[in-house]
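Student: I would like to learn how to read helix packing and sheet layout from a model. Could you walk me through it?

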Amino acid sequence: MQFVMSNRRAGKFQDAEKTASRAALAEALTVLPATAHIRSESRPADDLARRSVILEGTPAEMLALDAATSSDVIVEPLILHQREGALSMFKHARVPLAGLMRAAPAGAAPLEFHVRGGGAPLAQATVILFLRRLDGEVMREESLTGTDGIAAFPSNPAFQPLAAIVKPYAGFWARWAQVSGQKTTVVCSKLPGNRRLDWWHHASGISSFAPDAGAGIRVGVIDTGLGPHPHLQGTDHGAFILGVHDPDGGADSDVHGTHVAGTIAGRPGEVLLHGGIAPGVELHTARVFPPGEGAANIDIADAIDSLSRAGADLINLSLGAPVKSEVVQDAVQDAAERGTLCLCAAANSFEFVHFPAALPETAAVSAAGKLGTAPEDSVSGGQLPDQPELFGLDGFYFARFSCFGPEIDAIAPGVGIIAPVPARHGLAVPFAALDGTSMATPVACGVLARMLAEDASYLAMPRNIFRSDLARHRLREICRTIGLAAIYEGHGMPRS
């Protein structure tokens, strides 16, 4: 197994304490079990910064090492965190079962999905096919459409096709599709354009686009990376991947990080396209996700350290894991002591709040939708809950995927959020609609940034724990109820 070691930083305010913490880790590394070996190591030039190590060994070795080391050293498994948006909630999707096909006979032609939008084939659309095995378990397979707009799946008599989700790369709504035969044609509706403000802006109390809103506030986004996209500019802190820092590796390995950053800080200029909530903020970004994989606890901690030490007032963490990482908690607490508040996505499994959102040092955000804001046949239009008590005031509802619990601080729009995605596949200025608590968190983060930029008492404070506590207090102050129980909406929806 892989596990990590790191020295503690939280609660150590004197240089001597931080130096002693680093020394405790160095000492622990001298007594490693003979069969355990170091896979990678982060040793910053700054003697006061966090030092971390990824090791390979057995669970018994990890437990023995943890018992033998100083309390200044954290030893825990390598914990992978997942994105809390985009396609993540489809792992828990309720698959529509009407109109099922029978299992294909052996040697049958492949299943084809012909994806179109705006009267033309849509290339690079993700098709997620749900199939039922003979034992009843529902499986999923993914494919991309080619330039002809066709995605193909080989037929298998052991699997019964159920339904598919078709998600265009940009410009069109994702939608469910029933499997209608060997060839299924799916027509996706075009996203709305020619406007800088959308329903999530209005729900947040924003009535006009202000390009300087949030100016003077530094916001960090730790995610899959950033861009490229012409409406996004920021300070790139590079990539933190499995204990190794690549200062030039911060480009988006997916679409998730660009969408999150664009929701906060998108600056469309004179173009009438979807603007960010707080386009005037100073944006700082770091990539912690390898392509198609989860983000390691130690990398998240290193990225939090980097952005907080750069003076981030707020850090957006649209990621999570069902188990707590002490390393991440230490980094979050250490950042709070430097004046940085971390806002975290609650997760998308409609269960208990995941970590780090569940930590007392963070602000946890759940996701809301609003009736009539997405086409009924789109995936976003189908995120309504089953329970009547999850419908609130003014058409708001608790998104069917969102996690909930007493840890929730606020709820924010997280269904059908349109924001930038990386300029790829010949698209110069692409936008996509995504759902998730990943999308709700940057809305809340952006609203808070707008308010803090106008708060003279906050801006005058030194960067310490009282500054981050005040940011949390301000977040709760600007929330307004949308008529849901506190375990779903916390203090309510932030409004500027």
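Student: What is the handedness of the crossing of α4 and α7?

Tutor: Happy to start there! In this predicted model, α4 and α7 cross in a right-handed way.

Student: And how are two packed helices described in general?

Tutor: By the angle between their axes together with the distance between those axes. Here, the axes of α4 (residues 256-265) and α7 (residues 437-453) come within 8 Å, crossing at roughly 30 degrees. Angles under 35 degrees count as roughly parallel, and α4 and α7 are therefore roughly parallel to each other.

Student: Which residues make the contact?

Tutor: From α4, they are H256, H259, V260, T263 and I264. On the α7 side you will find S438, M439, P442, V443, C445 and G446. By type, the residues of this contact divide into 6 nonpolar and 5 polar, with no charged ones.

Student: Thanks! Now the sheet: in what order do the strands of the open sheet lie?

Tutor: Follow β9-β8-β11-β12; these 4 strands form an open sheet with antiparallel pairing.

Student: Why is one side of β9 and of β12 left without a neighbour in the sheet?

Tutor: Because β9 (138-144) and β12 (175-178) stand at the edges, each having a single partner strand.

Student: How many bridges join β8 to β11?

Tutor: There are 8, linking β8 (residues 126-133) with β11 (residues 159-167), and the two strands run antiparallel. To see one of the pairings, pick V127: its bridge partner in β11 is V166.

Key:
Residues are numbered from 1 along each chain as its sequence is written. This is a predicted model: local features need pLDDT of at least 70, side-chain atom pairs count only at pLDDT 80 or more; totals for chains, interfaces and linings use all residues. Side-chain values use heavy atoms; hydrogens and water are left out. Two strands pair if DSSP finds at least two bridges between them. Axes are lines fitted to C-alpha atoms, for helices over the stretch in contact, and angles run from 0 to 180 degrees between N-to-C directions. Angles under 35 degrees count as roughly parallel, over 145 as roughly antiparallel, 65 to 115 as roughly perpendicular and the rest as oblique. A crossing is left-handed if the near helix is turned anticlockwise from the far one by less than a right angle, and right-handed if clockwise. Contact means heavy atoms within 4.5 Å. Ala, Val, Leu, Ile, Met, Phe, Trp, Tyr, Cys and Pro count as nonpolar, Asp, Glu, Lys and Arg as charged, and the others, Gly among them, as polar.
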